[in-house]
Amino acid sequence: MLTWKDVIHYAVSGNPTPDRRVEKTEAEWKDILSPEQFRITRQKGTESPHSGALCSIYEAGKYACICCGTPLFDSTIKFDSGTGWPSFTQPIEANAIKYKKDGSYGMVRVEVMCNTCDAHLGHVFPDGPEPTGLRYCINSESMELLKEAKVNE
């Protein structure tokens with residue numbers, strides 16, 4: 001289970017090695033992403049609070065990177081943070097997320113990206129619920145929900 005200390009360590013000293021890498025040109029990303037997905041994931045944009053389609057969805061499944069399909073978060077660790085963005089307490093695997101110190105907008109934060117393709121996802125904060133105390137605040141446009149098939153239908 002990752003802690004804030006682990007997040008800071010990764011942001012300062014280097015990230016875990018991803019299982020695979022996906023690299024494309026800017027033109028290739030533009031071909032497969034909507035303009036809003038491209039703005040958020042490739043240009044480090046942010047969607048308006050409470051505007052994302054995944055903000056209030058709590059169906060069973062896995063949240064995957066919209067760019068490369070890498071599973072990032074499980075629905076079982078999603079929670080309503082009241083911030084207006086989907087929030088999670090842990091990544092699905094320790095090496096799914098890449099961390100980077102972000103000094104934009106006159107504050108210091110920790111940016112989170114897909115460790116497979118470097119897509120900007122959002123930020124992580126140390127004000128989440130126990131037991132981790134982490135709040136991964138993620139843009140809906142940077143993910144897709146892969147719903148679990150219902151058993152015994």
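This is a predicted model: local features need pLDDT of at least 70, side-chain atom pairs count only at pLDDT 80 or more; totals for chains, interfaces and linings use all residues.
View 1. Strands E4 (residues 87-88) and E8 run antiparallel to each other, joined by 2 bridges. Ser87 is the residue that sits across from Cys137 of E8. Strand E7 (residues 120-125) also pairs with E8 in the antiparallel sense, this time over 4 bridges. Look for Gly122 here: its bridge partner in E8 is Ile138.

**View 2. Side chains along E8.** Now for the strand itself, which covers residues 135-138. In a regular strand, side chains alternate between the two faces of the sheet. Here Arg135 and Cys137 point one way, while Tyr136 and Ile138 point the other. All four are buried.

**View 3. Gln37 in helix H3.** Helix H3 spans residues 35-43 and includes Gln37. Gln37 has a relative accessible area of 16%, so it counts as buried. Its side chain reaches the backbone nitrogen of Ser34, at 2.9 Å. Setting aside neighbours within four places in sequence, Gln37 is in contact with Arg42, Ile66 and Glu141.

View 4. How many disulfides does the model have? The count is 0, going by a sulfur-to-sulfur cut-off of 2.5 Å. Cys67 is in no disulfide, and the nearest cysteine sulfur, in Cys65, lies 4.4 Å away. Cys67 is buried, at 8% relative accessibility. Cys114 has its closest cysteine sulfur in Cys68, but the two sulfurs are 3.6 Å apart, which is too far for a bond. Cys114 is buried too, with a relative accessibility of 0%.

Definitions and conventions. Residues are numbered from 1 along each chain as its sequence is written. Side-chain values use heavy atoms; hydrogens and water are left out. Buried means under 20% relative accessible area, exposed over 50%, partly exposed in between (1.4 Å probe, protein chains only). Two strands pair if DSSP finds at least two bridges between them. A polar contact is a pair of N or O atoms within 3.5 Å; within protein, one must be able to donate a hydrogen and the other to accept it, and residues adjacent in sequence count only if both atoms are side-chain atoms. Contact means heavy atoms within 4.5 Å.
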